[in-house]
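Keep the viewer open as you read.

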Amino acid sequence: MNEHQPLTMKDIARTLGVSVATVSRALCDSPSISRKRREAIQAYAREHNYTPNTFAEQLRRSPQSPPKVIGVIVPEFVHYYFASVLTGIEREASSRGYRILVARSGENYERECEICRQFTQAKVCGIIVSQAKDTVKYDHFISLVNAGVPLVFYDRICPAINASRVVVDDYIGSFKAVTYLIEKGCRRIAYFGTDMNMEIAKNRYNGYKDALYKNGLTLDDTLVRICDTRADAERITPTMMRMENRPDAFFAVNDDTALGILYSVRRLRYVVPDEVMICGFTNDTRAVSCDPMLTTVEQRGVDVGEQAVDIMIGLVEGTLPRDHAEKRVVKTSLVVRGTTK
């Protein structure tokens with residue numbers, strides 16, 4: 001059996017020398033199987049992490065009426081972007097007669113794996129997911145695909161799997177934002193981004209880097225930091241502003257980080273945008289509640305959520321082929337406000 005292939009009742013039956021029907025009855029704790037044999041089969045299943053393919057079983061029982069519950073995995077509930085994606089998911093699913101079952105991974109790989117198992121057991125018709133920051137192994141996703149569970153990624157995609165996905169044009173959004181800062185006279189543009197194990201991080205960093213090169217500027221590694229939270233921004237920004245050749249602008253991977261930068265430079269009594277310009281990425285509601293208001297890249301989370309559901313329903317109802325990875329890109333736009341000229 002392939003290492004990524006999930007264990008099946010047929011595999012258990014072959015190993016233990018019994019019929020598939022016996023395995024099925026034993027796993028259901030049927031009294032028609034002796035207690036000794038039931039316990040032996042159940043123990044083997046537990047030791048080898050057997051998970052019932054309830055999705056496939058339900059489809060076999062109701063081929064004309066697929067289940068109408070979509071599992072959704074969100075890294076964080078309190079993050080504006082993920083909340084807006086969830087709004088789009090719920091809106092589109094509800095309008096088309098589907099319900100959603102939502103769980104939070106908390107940016108944790110083990111929790112993400114457990115949610116996938118729970119969703120499979122809950123008979124969801126498919127799973128929409130943005131992977132956790134610390135996910136670097138993908139066996140849990142591969143097992144879902146091999147078990148026939150439709151999978152749609154949003155925002156943070158899994159590069160190891162050719163699965164359907166919805167993303168924003170991270171590279172272009174980043175490129176245009178940094179180009180705008182350069183056009184406004186900035187030459188020392190700092191970049192605060194996410195760890196490079198995720199495609200989204202690579203795309204936004206590459207947009208930043210290429211905008212510099214295209215405009216004749218040199219990439220200065222001293223201006224690049226792994227920093228994607230407000231707390232980290234408040235810790236790192238003052239040090240950068242005390243550099244002999246300090247930044248004259250910051251481009252942040254999200255608005256939370258950008259707001260931490262804004263708070264820090266204002267505490268140091270720099271004038272924004274005259275002495276320092278700042279641009280974020282999300283268009284969080286907080287972008288208009290700060291002073292000055294934040295220039296940022298509109299990420300259109302609601303559109304992303306709606307597109308993800310549209311793909312999922314297409315896979316479930318057969319209007320999109322299961323063997324084809326549907327890939328959609330939602331366009332971003334730069335929203336200019338008071339933190340830039």
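The open sheet has six strands, running β7-β6-β8-β9-β10-β12 with mixed pairing. Helices (H or I, at least four residues) and strands (E, at least two) are DSSP runs numbered from the N terminus, and two strands pair if DSSP finds at least two bridges between them. At the edges sit β7 (224-226) and β12 (333-335), each pairing on one side only. Ignoring direction, neighbouring strands are turned by 20° against each other on average.

This is a predicted model, where local features need pLDDT of at least 70, side-chain atom pairs count only at pLDDT 80 or more, and totals for chains, interfaces and linings use all residues. Residues are numbered from 1 along each chain as its sequence is written, and side-chain values use heavy atoms, with hydrogens and water left out.

Now for β6 (residues 189-193): it pairs with β7 in the parallel sense over three bridges, and Y191 stands opposite V224 in β7. Two helices pack here; contact means heavy atoms within 4.5 Å, and angles run from 0 to 180 degrees between N-to-C directions, with axes fitted to C-alpha atoms, for helices over the stretch in contact.

| Helix | Strands | Angle to β6 |
|---|---|---|
| α9 (residues 199-214) | touches β6, β7 and β9 (277-282) | about 170° |
| α10 (residues 230-241) | lies across β6, β7 and β8 (249-252) | about 160° |

What about Y208? Y208 touches residues including V178, I189, Y191 and V224, leaving aside those up to four places away in sequence.
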